[in-house]
Amino acid sequence: MKLFEVAFNWDDVREKYSSTDDLHRIDVINKSGAVGYIEWDKSNGEVEKIYVGRPYRRLGIATHLWELAVDWAKEHNELEPEHSSRRTKEGDAFARSIGGRIPHLTDDIDGWSRND
């Protein structure tokens with residue numbers, strides 16, 4: 001049994017776009033509230049954050065967020081999201097699963113790649 005188990009229905013998922021001066025953001029929400037989000041830099045497309053709440057991980061939500069962001073950027077003639085050179089272990093695994101250009105890791109945010 002999973003530690004966090006939630007009933008998840010894709011039909012209940014809604015997307016919400018917002019922005020600041022520097023970032024684009026797409027949130028996915030369901031009847032329970034926030035599920036996850038992606039933020040990417042308007043000036044260079046670099047993903048600043050992609051996050052999915054623990055109960056909703058491994059359900060394809062991060063991939064859905066990435067696809068929403070790419071589609072939104074294309075439709076609005078904006079820079080598409082690009083993988084960051086600053087990644088967590090989970091972020092690196094996600095980048096490799098999505099594919100595309102994956103920049104050399106310059107900062108492993110949670111220290112996972114160090115050989116200490």
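**Fold, core and local backbone features of a predicted model**

Arg58 is located in the loop that connects S4 and H1, where helices (H or I, at least four residues) and strands (E, at least two) are DSSP runs numbered from the N terminus. The structure is a predicted model, in which local features need pLDDT of at least 70 and side-chain atom pairs count only at pLDDT 80 or more, whereas totals for chains, interfaces and linings use all residues. Residues are numbered from 1 along each chain as its sequence is written, and side-chain values use heavy atoms, with hydrogens and water left out.

Although Arg58 is not a glycine, its phi is positive, at about 70°. Arg58 is exposed, its relative accessible area being 83%; buried denotes under 20% relative accessible area, exposed over 50%, and partly exposed the range in between (1.4 Å probe, protein chains only). A positive phi, near 55°, is also found at Asn77, again a residue other than glycine. With 74% relative accessibility, Asn77 is classed as exposed.

The protein chain contains two helices and six strands, arranged along the sequence in the pattern β-β-β-β-α-β-α-β. Its mean pLDDT (the predictor's confidence in each residue, from 0 to 100) is 87, and 90% of its residues reach 70 or more. Among the elements, H1 has the highest mean pLDDT (96), while strand S6 (residues 107–108) has the lowest (72). Where pLDDT is low, the predicted coordinates should not be read in detail.

Of the 116 residues in the protein chain, 33% are buried. Contacts are defined by heavy atoms within 4.5 Å. Among contacts between residues at least 6 apart in sequence, 33% link residues at least 24 apart.

Strand S1 (residues 14–19) runs antiparallel to S2, and six bridges join the two; strands are taken to pair if DSSP finds at least two bridges between them. Ser19 has His24, in S2, as its bridge partner.

The largest nonpolar core comprises 18 residues, of which Ile26, Ile38, Trp40, Ile61 and Leu65 touch the most other members. Such a core is a set of buried Ala, Val, Leu, Ile, Met, Phe, Trp, Tyr and Cys residues joined through side-chain atoms within 4.5 Å. Two or more residues of this core are given by each of strand S2 (23–30), strand S3 (33–41), strand S4 (47–52) and helix H1 (61–75). H1 supplies the largest share, eight residues.

H1 has 15 residues and extends 21 Å from its first C-alpha to its last, close to the 21 Å expected at 1.5 Å a residue, the expected span being 1.5 Å times one less than the number of residues. Buried positions in H1 are Ile61, Ala62, His64, Leu65, Trp66, Ala69, Val70, Trp72 and Ala73. An α-helix has 3.6 residues a turn, so residues three or four places apart point the same way. The cover over the buried residues of H1 includes S1, S2, S3, S4 and helix H2 (89–98).

Helix H2 contains Asp92, which is buried at 7% relative accessibility. The Asp92 side chain forms a polar contact with the side chain of Arg96 (3.0 Å). A polar contact is a pair of N or O atoms within 3.5 Å; within protein, one must be able to donate a hydrogen and the other to accept it, and residues adjacent in sequence count only if both atoms are side-chain atoms.
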